[in-house]
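Have a look at the sequence and the model first, and then read on.

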Amino acid sequence: MALDDRKSEFTFVGTRPDRPDGLDKVTGRAKFGADMSAPGMLHGAILRSPHAHARIVKIDTSKAEAHKDVKAVVTRADFADVPFKPGLEGEFWNVLENVMAGEKALYDGHAVAAVAASSALAARDALKLIEVEYEVLPHVTDVDKAMAPDAPVIREGAADYSVPEGMHPNVVRYHESGHGDVEAGFAEADLIIEDSFVTEATHQGYIEPHACLGMLGNDGKGELWCTTQGHWIAQKTCAALLGIETSQLRVTASEIGGGFGGKTTVFIEPVALALSRKANRPVKIVMTRSEVFRATGPTASASMDVKIGMKKDGTISAAQGVFRLQGGAFPGAPGDMTAMCAFAPYNLTNVKQIGYDVMSNRPKQAAYRAPGAPMGAFAVESVIDELCKKLGLDPVDVRLKNAAHEGTKASYGPRYERIGLVETLEAAKAHPHYTAPLKPGQGRGISCGFWFNHGGETSVSLALSEDGSAQLMVGTPDIGGSRASMALMAAEVLGIPYENIRVTIADTATLGYNDVSHGSRVTYASGLATIKAAKHAVEKLCERAAAKWDIPVEAVKWENGCAVPSGPNAGDFDPMPLADITADMGRTGGPISGHFEATPEGAGVSFGTHIVDAEVDPETGKTSITRYTVIQDAGKAIHPTYVEGQFQGGAAQGIGWALNEEYIYGEDGRLQNSIFLDYRIPVASDLPMIDTVIVEVPNPGHPFGVRGVGETGIVPPLAAIANAVSNAAGVRMKQLPMSPPRILAALKDNNG
Amino acid sequence: MNYHSPASFAEASALAANATGITRFLAGGTDVLVQLRSDVVTPDTLIDIKKIDGVHDITRNADGSWTLGVAATGAEMTEHADLGRDWPGLVEAMDLIGSTQVQGRATLTGNLCNGSPAADSVPAMIAAGVTVTVTGPSGDREVAVEDVPTGPGKTSLAKGEVISAINIPARGENGGDAYLRFIPRTEMDIAVVGVAVNLRLDGDIITEARVSLGAVAPTVLLVEDCAKAIIGSALDDAALDALAAAASAACNPIDDKRGTIAFRTEVAGVLAKRAAKIAYARAKGEQA
């Protein structure tokens, strides 16, 4: 979508004011998912399968129901009969099956029953009174093993139309794309490297566990308070799973203590509502950390083969990759995304990519920042690094030589509009980090990364108050400082101070459907809608001024917060400030509001380049990240501090994923490390200062040039860190996480 | 669940002797309460020993030895400058456990009685030659720390017995101790390998040594072969290599989510060398 009203000179945009929600958050006044209570409230708890794969023969809830503190017990029978469909077409069925098991428990931690009781402790104790008879079935948790001919079948008929004949039933979606002739391209290469790579599943690791308070009456009307990245999807999904009308359920999003993609679906919300409907009382459920790890979505794990041919001058002559991702016992692992993103930073004549979505006995994967892209980048950028090393070429120069730019045919099909990859690489080359000397034992790695940004359904309203202040209602939960960015954009259009704008995350009864805060879409799409809603209000302000001056509305323009005559011919009037117009708006035509809704299509795509220094202790295999620089194209940074925060957050999570985070399963298919002690997320002292460079190549699809920045920051780290560690250790690391035992073993193999 | 807060160790011992089912003593609660909340152990009887007089005291005795109350916390130990001067390795080992918040509650006694082979303070106590006073139905007895753990989660304490004091020997002249652990992160983690070294010098020559390894066997180990490898040496390269070999040879670890057999065995030797060098420098007065 090309826009003809682009803006490049700003008053408020690009400044760094305090965030509007800051005081509430630092003083504890902000209300998160678990902070809401209601009179007569019950506490819910969920019984979970101890088996990786088991037929549920019988559930006897009679003893729990007889407990004096228990007010309701639910199983799958208490939910709606949602039709099963293959692949992602049956996503409501998939979510329901995940929220409460049907015939089989499909992974360790899968919900099988739930109780509501008068206290949280009573609810927990009552779970022990529920008797479940299981018939334990063979299980599989590894992606390659899940595709093997002898793998246990998770569910027949789950594969959609895309899967070629003859594949194992656990392969449920298939993607193939590319262009050119890769065989001809490999024939032109001076050096070809083909290698295999493995990554483990990691969890988004948000500090706030899932929590909700649900109330559903027998009249089919309900209220839900929950921590979520998207309350409209929660509304729609809960309504479908409970068999009620969508509009009868009002959902309010709490403040959110991190989501990173993991809070884009529902887990406990339909359960709380089902318990509430049965008990006729409000029901609150708060997950424990162990439940979060066992039963909410980690990323997919991946097994990948990449082959790249390069000429002596660094030109990539051909590239191909096969990407196998398992996403738990349901369709949805983003093998297609991994495949499409893997080679996207490069201008390639010959490229081919294949992606598999594979089911296994693990929790249903959920989105995690640029879902699928980091794994593919790890494999591809590792091979490019190795090619550069063997051919004696500079890794930034090689990437610049092959970099995609405006007009390049992307590896996944379309031609790019204006993009900023080259600018990030040039900034990397010019950055002092890239040429800083390394100490013995240290290595440097770089990587590029690509992500599709998203637009999505968006609806925003703005209402002016008599005193000239403004209320802005947006429908995208604030997961990254978006209230500040929205207020800055509205201030820019209205010409009133940032502080005079109050931004609220409206509930589902207040606005039309808003897509989830995902796809790096909020600053782009809600921002675009905010600008348009503010302009809509400005049109009305101009109309009121025109009426007052008795001149045509075309003869009035808006400047610095005031209506002014558009030129000398329009008449000689003093500028009329916004507050003068709103002061008597009740008498001049009524309240003044602005509104905009659309599904904007101009999000564009996003690129970044990271530089990392790592130091490896050769005696223990322990890695420390000694320096880190993130360079990414933000289009236009509305609030640069929060753009930098997104860059740093992506790098921090990438460091965890690369070095120590992993889902560890035992032989019995049970998750071994469902607490933060053993799921080794980085602590503050593990991280260096993460330096940032904001590149601004304006996005032609946004009035102010914004590109989403939330996700791309986690695409390069796995590869950049792997390249740095491999260079420091002198041995190529092909499996994540690069934990000390893996590095030490690789060093021994290399020396031995 | 029955909760008691006795006023004396004799009373605590009697309560435990007469209790049925599962009994736990509660000091800092950094293991007991966590296990209770996560449904790992739900005690029938909980005996809170924090309210007994003197349990927070850290006392230097006339002969230079130290007596610590069973509820003296990691934070209280770290803030005690004289204790840290005498036994820096022991204090540092305790200080590695958990977060700042946990340090305000956690105790040496709890860390010992939890029975984890990965307990950070236990190798340091064993290397230092620490003993505990155990109060039981038939009175008090003194037990070496290395004789307390008998397996993961298990101790040699009999029903009705409770640790009532920690006894740390006098530091004496020309001595130094050190504790190092391996974790993949920089803090807030549990030892994959832990090594404590305590030694005494005559000039440059090591005359006494105790070396203890954690997280490499079902219990924390006191390894005499490690001590023998460095006694009589000036901690030259040959002695260090012999120390590393002895430490690795003593390992009997498992493969688990925290580390592999090969990794633990190798790194035990690496850390033994590094800890010995620190202890040696401390004994020479070259390093705090």
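In chain A, 5 strands make up an open sheet with mixed pairing, in the order S7-S15-S14-S13-S8. Strand S7 (171-179) and strand S8 (191-199) of chain A are at the edges with a single partner strand each, so one side of each has no neighbour in the sheet. Direction ignored, neighbouring strands here are turned by 5 degrees against each other on average.

This is a predicted model, where local features need pLDDT of at least 70, side-chain atom pairs count only at pLDDT 80 or more, and totals for chains, interfaces and linings use all residues. Residues are numbered from 1 along each chain as its sequence is written, while chains are lettered from A and ligands numbered from 1 in the order in which they are written.

Helices (H or I, at least four residues) and strands (E, at least two) are DSSP runs, numbered from the N terminus; two strands pair if DSSP finds at least two bridges between them.

A second open sheet of chain A has 4 strands in the order S19-S18-S17-S23, again with mixed pairing. Strand S19 (501-505) and strand S23 (593-598) of chain A are its edges, each with a single partner strand, so one side of each is left without a neighbour in the sheet.

| Strand pair | Bridges | Direction |
|---|---|---|
| S14(A) (residues 316-326) and S15(A) (residues 351-358) | 8 bridges | parallel |
| S17(A) (residues 458-464) and S23(A) | 6 bridges | antiparallel |

Phe323(A) stands opposite Gly355(A) in S15(A), and Leu462(A) has Gly594(A) in S23(A) as its bridge partner.

Technical notes. Axes fitted to C-alpha atoms, helices over the stretch in contact; angles between N-to-C directions.
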